[in-house]
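Okay, thanks for having me.

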Amino acid sequence: MFAGTIVFALINSFILILMAIGFNLTFGISGVANFAYGALYIMSAYMSWTMLNLLHLPFWASAVLSIGFTMISGALMYRFVLLRVRGQALSEVIATFGIGLAILELFRYLGLVGFEYTLPVFSNESFMIAGAYVDIQRIAIVLIGLLLVLGLWLFTHFTATGLAFRAIAQDERTALTFGIDSDWAATLSVSFGAGLAAIAATIIIPLGSIAPDEGYDVLIKALAICIIGGLGSTGGVIVAGFIVGFAERFTDTYIGSHWTMIVSLAAILLVLAIKPSGLFGRQKELEERI
Amino acid sequence: MLDVNNLMVFFENALALNDFSMQVREGEIIGVIGSNSAGKTTLMNALSGLIIDMRIKEKRKGGERITVYGSIVYEGVDITELSPGARVKKGIVLSRERHPVFPESSVAENLKIAGYLRKKAEVREVMAYVFTLFPALVPLRAKKAGFLSGGEQQMLAIGMALVVRPRLLLLDEPLLGLSPMMQKALVNAIVSLNKESGITVVLSEQFARPVLPIIDRGYVLENGMLTLSGTGAELMDNPEIKAAYFGI
């Protein structure tokens, strides 16, 4: 049972990392806390579902198209709404949360709830790993999670756009003096964050079903992971994902499933009490040092 | 190369730069001398276009109104309303005051970030030149810029501006907070990049002593107003400059 718990804790950690990494990317680069993140996650799932079941497109095509459309929606949201309230954190939160509420409650109003609203799994086969049955979908989550983290690291370290993202994140005005357009970088950051939400939805939703409530859940989980890890830090998201992922599964197995929610909230409280900028809130520390 | 005509900059009702005019010819080193709050940084921001970006962002926030009157003409083209990015593409590059480096990135990465608009091969070439100009940076390549000393950060900041391949390099208080030794090293580097690469330099400074010997011409600013201008030698002999900046 112990080994099996570890396997499922690992999978759970990657689910949390996938859920949080897009929110973290957007916040890390442009400082926009995208509270419509959960809604974009659910919206992309409904888009995939529509294309699969009503337009009868193949799975890969609907997945790619819905990821693309979600990225475009993110960019449009920035250009037409967020740009006007840029730099006022509270207005940004209210605007994005309002958009998120509108999207999620629209889906609820349309009544798109039930077990038939789900996305297909990649394969129905499952493996025996360490005494536990693990299906292909969960293995895919771990692999795609690893690939995304690696890809993101390569992107931000070796491409001009990725380096520009990190420059904007550190000092916007200095980045401007090198010809990096801060509005364009922020548009891309919201768009990429939305795209990562859509990728997460495409591979995580098949484990359950699409429901508006899931949108709020994803947002809360993403926030929890980002706060524990230190907002804007990718390393922090990974470490926090593992801490909460393991803590949740172990409480589930050894204490009781009704305690799982308490564990992640307690983790937030504990981290905020000891280290208010999060585990890896490094930027602030360096500033204090100098 | 650059003509500034009757430039005026207001922050709300406060006049930061008052009816300022200057000419910069190709290949010159021009000094803008003035004490704190004289308007040096405002002038640099106006020349690099940062003020245009600040104006847009303040307007979005409903904050301070920034107004710019007058004109800035670069190689016969009026660039007064051009964005900072468009000016960088034309070859006007600013190195901001207080060692503007990206603290979380390594020295080599900082230089790569600065080369955002340039091709990879070009960036590599200029990086090699930067390391010959500032040999002290070579052993620090992989170190995070935030952990560098002030002087090393300033060298890196100038190196970053060079990676952009400027034709007109604007340096805002490059000697701020540096030891006399480091000031000397930097002044020598500025002279050699001007001579070797033919880059025109406009630098603002409050330490007149190390700067006056190297500049072709200088403008003295006081409370946003031009009070004196002339060649470096003329300014050095001026009794008012001697009293105000050399303490003689």
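So, the sheet in chain B: an open one of 6 strands, in the order E6-E7-E8-E3-E9-E10, with mixed pairing. Strands here are DSSP runs of E with at least two residues, helices are runs of H or I with at least four, and both are numbered from the N terminus. Two strands pair if DSSP finds at least two bridges between them.

Before I go on, this is a predicted model: local features need pLDDT of at least 70, side-chain atom pairs count only at pLDDT 80 or more, and totals for chains, interfaces and linings use all residues. Residues are numbered from 1 along each chain as its sequence is written, and chains are lettered from A and ligands numbered from 1 in the order in which they are written.

Look at E3 (29–33) and E8 (200–205) of chain B: they pair in the parallel sense, over 5 bridges. Val32(B), for instance, has Ser204(B) in E8(B) as its bridge partner. Packing on this sheet is helix H1 (40–48) of chain B, which touches E3, E6, E7 (168–172), E8 and E9 (217–222) of chain B. The direction of H1(B) makes about 150 degrees with that of E7(B). Angles run from 0 to 180 degrees between N-to-C directions, with axes fitted to C-alpha atoms, for helices over the stretch in contact. Contact itself is C-beta atoms, placed from the backbone, within 7 Å.

Next, helix H5 (120–133) of chain B. Which of its residues are buried? Val123(B), Val126(B), Met127(B), Val130(B) and Leu133(B). Buried is 20 or more other C-beta atoms within 10 Å of a residue's own, exposed is 12 or fewer, and partly exposed is in between, with C-beta atoms placed from the backbone. Down the axis of H5(B), the buried residues fall within an arc of 120 degrees, so they line one face of the helix; the arc is that of the directions from the helix axis to the C-beta atoms. Turned away from that buried side are the exposed Ala121(B), Ala128(B) and Thr132(B). What covers the buried residues includes H4 (107–114), H6 (150–163) and H7 (180–197) of chain B.

Last, the interface: 22 residues from chain A and 26 residues from chain B. On the chain A side, H6(A) gives the largest share, 6 residues.

Terms used. Two residues are in contact if their C-beta atoms, placed from the backbone, lie within 7 Å.
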